[in-house]
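Student: I would like to learn how to read this model feature by feature. Please give the general idea each time and then the case at hand.

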Amino acid sequence: MATKSSRKLKPSRKPDYWGAKIMKNPKVAFSLAVVFADALLVGLIIAYVPYTKIDWDAYMSQVTGFLEGERDYRNLRGDTGPLVYPAGFLYVYSAIQYVTGGWVAPAQILFGVLYIINLCIILFIYVKTDVLPWWALVLLSLSKRVHSIFVLRLFNDCFAITFLHASLASLLCENWYLGLILFSLAVSVKMNVLLYAPSLLLLMLKAMSIRGVISALAGAALVQILLGFPFLLSNPIAYISRAFNLGRVFIHFWSVNFKFVPEPVFISKQFAITLLVAHLGLLIAFAHYRWCKHEGGLLKFLHSRVASGLLSPNSSSLKILKEEHIVTTMFVGNFIGIVCARSLHYQFYSWYFYSLPYLLWRTRFPILFRLAFPNSLLNKSNSSNKKKKFTFVGCCGFCSLMMFIGVELCWNVYPSNVYSSVLLLCLHLLLLWGLWSAPPPESPYKPQKTTSTVEKGK
């Protein structure tokens with residue numbers, strides 16, 4: 001009888017266990033509070049801040065042409081010019097037009113819900129990696145510009161970045177196939193997501209077999225083909241050249257960065273090539289000296305992966321990557337692309353804002369700390385070790401917070417000017433230097449278990 005009663009009590013312990021676990025973790029509890037507070041803020045913004053019409057009418061015109069049967073990308077246009085986004089954009093905004101009837105007010109509510117969904121996903125990523133202190137999570141909901149991008153501008157960047165964050169969350173859960181599909185969906189809405197592609201490919205080579213990498217990439221490519229199929233049938237050259245145009249030149253006036261560069265230089269091919277070379281060089285340097293340091297460098301890692309792939313394409317001895325390594329590689333790879341981008345418009349801030357707190361706390365800025373505190377303060381007795389550690393963390397948090405505020409201020413100067421652009425570039429370069437000089441983890445891999453599934457979702 002005692003055994004039976006104890007068995008009956010077991011199911012009731014599960015809800016209490018999970019509830020207690022959530023309440024005991026300050027980051028989870030604080031994240032829930034951040035989501036609730038930000039939901040109220042979004043509601044107030046929609047209710048009381050005037051909507052700014054920028055691209056909405058153009059989006060609706062382009063979608064209307066698509067819904068009326070036009071499949072040639074040359075003929076899909078709006079108030080701001082021809083359609084320059086991949087096919088996923090049309091499907092997403094066609095659904096929005098169907099739900100809202102093309103009216104702005106219900107669309108703002110829809111984008112407000114999207115904002116909260118995206119915030120929940122990114123908070124999950126931050127809690128999973130456990131890099132930031134709990135109080136710093138509030139920074140993710142304090143951007144005036146990002147709130148404006150979501151609920152006052154209704155840009156397609158919002159859907160692209162939400163799909164991207166969902167993809168990253170899937171990678172953290174070791175579901176690489178689903179992650180690649182979501183990544184492809186993000187690219188189908190806006191091409192800027194491809195800035196994450198080099199980092200993602202490197203991580204795939206680390207976490208998956210060669211056959212797994214090929215099949216995952218094939219699945220991502222299939223998504224693009226299926227979404228673009230009607231347009232590829234009609235005029236494939238027009239679709240590919242318009243939707244995936246890598247040579248677009250943005251208007252100098254609207255650029256937030258490099259505003260100090262004279263316009264003739266800004267729009268020149270030489271400037272574009274210089275930035276492209278810098279972009280590729282930085283990616284290779286970080287991949288060789290930082291992301292593949294544990295494996296002996298980029299070339300040695302690629303050689304070992306190719307050799308092991310040829311010998312055993314279905315190798316089950318692959319290790320599982322740590323969450324911090326995945327997020328750091330993805331966020332840093334994208335940030336390098338941001339630093340080297342020729343033009344950043346205001347809505348492009350959403351491309352990397354949500355990674356800023358993570359990147360800033362990954363740097364720790366050791367040299368700034370040493371300048372602020374003389375060596376005499378660091379060489380005291382062992383009894384003050386805890387105090388020194390607290391002081392170090394506090395100083396690093398203060399430096400990160402100041403840089404975060406500086407970047408946010410630069411993005412809220414309208415129109416941008418020489419001074420805001422110079423300050424933004426300096427902050428970007430300082431952050432990039434901090435990421436380069438930060439000590440890497442001892443190993444990017446989790447300790448091996450006896451039974452583990454390397455490639456979930458297969």
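**Reading the model**

Tutor: Leu275 is located in helix H13 (residues 269–291). Helices (H or I, at least four residues) and strands (E, at least two) are DSSP runs, numbered from the N terminus. This is a predicted model, in which local features need pLDDT of at least 70 and side-chain atom pairs count only at pLDDT 80 or more, while totals for chains, interfaces and linings use all residues. Residues are numbered from 1 along each chain as its sequence is written, and side-chain values use heavy atoms, with hydrogens and water left out.

Student: Is Leu275 buried or exposed?

Tutor: Buried means under 20% relative accessible area, exposed over 50%, and partly exposed in between (1.4 Å probe, protein chains only). Leu275 has a relative accessibility of 11%, so it counts as buried.

Student: Which residues is Leu275 in contact with, leaving aside neighbours within four places in sequence?

Tutor: Contact means heavy atoms within 4.5 Å. By that rule Leu275 is in contact with Phe258, Cys340, Ala341 and Arg342. Ala341 is 66 residues from Leu275 in sequence, yet their C-alpha atoms are 7.0 Å apart.

Student: What does the protein chain look like as a whole?

Tutor: The secondary structure of the protein chain comes to 20 helices and two strands. Of its 458 residues, 50% count as buried. Among contacts in the protein chain with a separation of 6 or more, 80% are between residues 24 or more positions apart.

Student: How do I check the span of a helix such as H10?

Tutor: The expected span of a helix is 1.5 Å times one less than its number of residues. Helix H10 (residues 210–234) has 25 residues and should therefore span 36 Å; its end C-alpha atoms are 35 Å apart, which agrees.

Student: Where in H10 does a kink lie?

Tutor: The bend at a residue is the angle between axes fitted to the seven residues ending there and the seven starting there. In H10 a kink of about 65° lies at Gly228, shortly before the proline Pro230. Gly228 is also one of the buried residues of H10, with Gly212, Val213, Ala216, Ala220, Val223, Gln224, Leu227 and Phe231.

Student: What covers the buried residues of H10?

Tutor: The cover includes helix H3 (56–67), helix H4 (87–100), helix H8 (176–189), helix H9 (197–207) and helix H11 (236–243).

Student: Which residue other than glycine has a positive phi near 60°?

Tutor: That is Leu154, in the loop between helix H6 (144–152) and helix H7 (157–172). Leu154 counts as buried, because its relative accessibility is 0%. Glu174 is not a glycine either, and has a positive phi of about 65°. Glu174 lies in the loop between H7 and H8 and counts as buried at 17% relative accessibility.

Student: What is the peptide bond from Tyr414 to Pro415, cis or trans?

Tutor: The bond is cis, with omega near -10°. Pro415 is in the loop between helix H19 (385–411) and H20.

Student: How many cavities of 30 Å³ or more does a search of the whole structure find?

Tutor: Rolling a probe the size of a water molecule over the atoms shows where empty space is left. On a 1 Å grid over the protein atoms alone, a cavity is a set of points where a 1.4 Å probe fits but cannot get out, and lining residues have an atom within 4 Å of a point. Grid points are joined across faces, edges and corners, and a volume is the space filled by probe spheres set on the points. The search finds two cavities of 30 Å³ or more. The second largest cavity has a volume of about 40 Å³.

Student: Which residues line the second largest cavity?

Tutor: The lining consists of Asn257, Phe258, Val339, Ser421, Leu424, Leu425 and His428. Helix H20 (residues 418–437) gives the most to this lining, with four residues.

Methods:
1 Å grid on protein atoms, 1.4 Å probe; cavity = no way out; pocket = protein on both sides within 12 Å on 5 of 7 lines; lining within 4 Å.
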